[in-house]
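Student: I would like to go through the terms used for this model and see what each one rests on. Please set the values against the definitions.

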Amino acid sequence: MVGPELAPVSVSQKRTFSTYLNRYVVVDFYSATGRSGAKPHLLLINDGQDLLTMNFAAMLEALDNSRQLLSLVCVGIHAGENRRMEYGTAGITDYLGRGAQATDYGNFIVKELLPLIGTEYPELTFESRSVAGFSLGGLSAIDLVWEHPRLFSTAGVFSGSLWWRSRDLDKGYMEDKDRIMHAKIANGKYQAGLKFYFSTGSLDELSDRNNNGIIDSIDDSLALIEVLKTKCYDSQDLAYTNLEDGRHDVETWKRALPAFLLWRWGSHTVAAEPVYESC
């Protein structure tokens, strides 16, 4: 039963035209803002169409009604047909030229979607803004947060495509230089206030390009955490979870999402898996 200070999660959908992407974008709004006087947080989620399959509204409502969650507005952004061009790393394509529209996607998020959200919720001032995503959408999420640290505070990366590389494996590939997101952060500067959550599954894939006995999905996530550590992010800023039976699919991400939501927006302190000591 919903308590007196809570309200059911409201869900609505809007179709908006993006001049940057030259297409209509479908966005779903999930609002868990029932606590009176609570300043809500905003979470943007790439591949928002997957949230429908997850029955994300029920997940969010269960957390909210059990008083485990702070006030939260989630916006699921449906991917378009050019997903592999729009998701990626801004300003740097992969070795096949994918991600060429990542800068356009970032402009859509910052210059079109955020103002749209402002018109949808004119009465709200958000405490924080964050981005999450699955697979290639996870890579896009961390890139958006890294590119716009004054706008976004947290990246949620689920089975992220952190292998995204500028050189193919048989063309002189070097891990310390050619993994694009790793190099981007390594060459960047510490941005105060950022937090990063990574989730993988032991059955994400079979690939192990460096033959160290660890699949690439896990290897790349742990390696990126190492890079973030060199920038002075510590166990308060970083969390990593792995589902031993987790696969590269929507069902696994559905199981992984609540831990992320509670780690970042839990109404009580939730123990996050410690990652590293402060640098």
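Student: What is the mean pLDDT of the protein chain?

Tutor: pLDDT is the predictor's confidence in each residue, from 0 to 100. The mean for the protein chain is 92, and 92% of its residues reach 70 or more. Over residues 1–5, however, pLDDT is below 50, and this stretch has 8 contacts beyond near neighbours in sequence; contact means heavy atoms within 4.5 Å. Residues 269–278 also stay under 50, with 22 contacts beyond four places in sequence. Where pLDDT is low, the predicted coordinates should not be read in detail.

Student: Which strands form the open sheet, and in what order?

Tutor: Strands (E, at least two residues) and helices (H or I, at least four) are DSSP runs, numbered from the N terminus. The open sheet has 8 strands in the order E1-E2-E4-E3-E5-E6-E7-E8, with mixed pairing. Strand E1 (10–18) and E8 are the edge strands, as each pairs on one side only. From one strand to the next, the twist averages 20°.

Student: What makes E1 and E2 a pair, and in which sense do they run, parallel or antiparallel?

Tutor: Two strands pair if DSSP finds at least two bridges between them. E1 and E2 have 9 bridges and are antiparallel; serine 12, for instance, has phenylalanine 29 in E2 as its bridge partner.

Student: How many bridges join E3 to E5?

Tutor: Strand E3 (residues 41–45) and strand E5 (residues 129–134) run parallel and are joined by 4 bridges. Isoleucine 45 is partnered by alanine 132 in E5. E5 also pairs with E6 in the parallel sense, over 5 bridges, where valine 131 has alanine 155 of E6 as its partner.

Student: Why is E6 described as largely enclosed by the rest of the structure?

Tutor: Buried means under 20% relative accessible area, exposed over 50%, and partly exposed in between, with a 1.4 Å probe and protein chains only. In E6, 5 of the 5 residues are buried, so the strand is largely enclosed. Both faces are covered: Thr154, Gly156 and Phe158 are buried on one side, Ala155 and Val157 on the other. In a regular strand the side chains alternate between the two faces of the sheet.

Student: Why does serine 135 count as buried?

Tutor: Serine 135 has 12% relative accessibility, so it counts as buried. Serine 135 is in the loop between E5 and helix H5 (136–147). Its contacts, leaving aside neighbours within four places in sequence, include Arg83, Ser159, His248 and Trp253.

Student: What is the relative accessible area of threonine 119, in helix H4?

Tutor: Threonine 119 has a relative accessible area of 55%, so it is exposed. Threonine 119 lies in helix H4 (residues 102–120).

Student: What sets the phi of serine 159 apart for a residue that is not a glycine?

Tutor: Most residues other than glycine have a negative phi. Serine 159 has a positive phi of about 50°, and with 2% relative accessibility it counts as buried. Serine 159 is in the loop between strand E6 (154–158) and helix H6 (175–178). Cysteine 232 also has a positive phi, of about 80°; it lies in the loop between helix H8 (216–230) and strand E8 (238–247). Cysteine 232 is partly exposed, since its relative accessible area is 40%.

Student: How do the axes of H2 and H9 cross, and which residues meet?

Tutor: Axes are lines fitted to C-alpha atoms, for helices over the stretch in contact, and angles run from 0 to 180 degrees between N-to-C directions. The axes of H2 (residues 56–65) and H9 (residues 250–265) come within 11 Å and cross at roughly 35°. Phe56, Met59, Leu60 and Leu63 in H2 meet Lys254, Leu257, Pro258, Leu261 and Leu262 in H9.

Key
Residues numbered from 1 in each chain as written. Heavy atoms only, no water.
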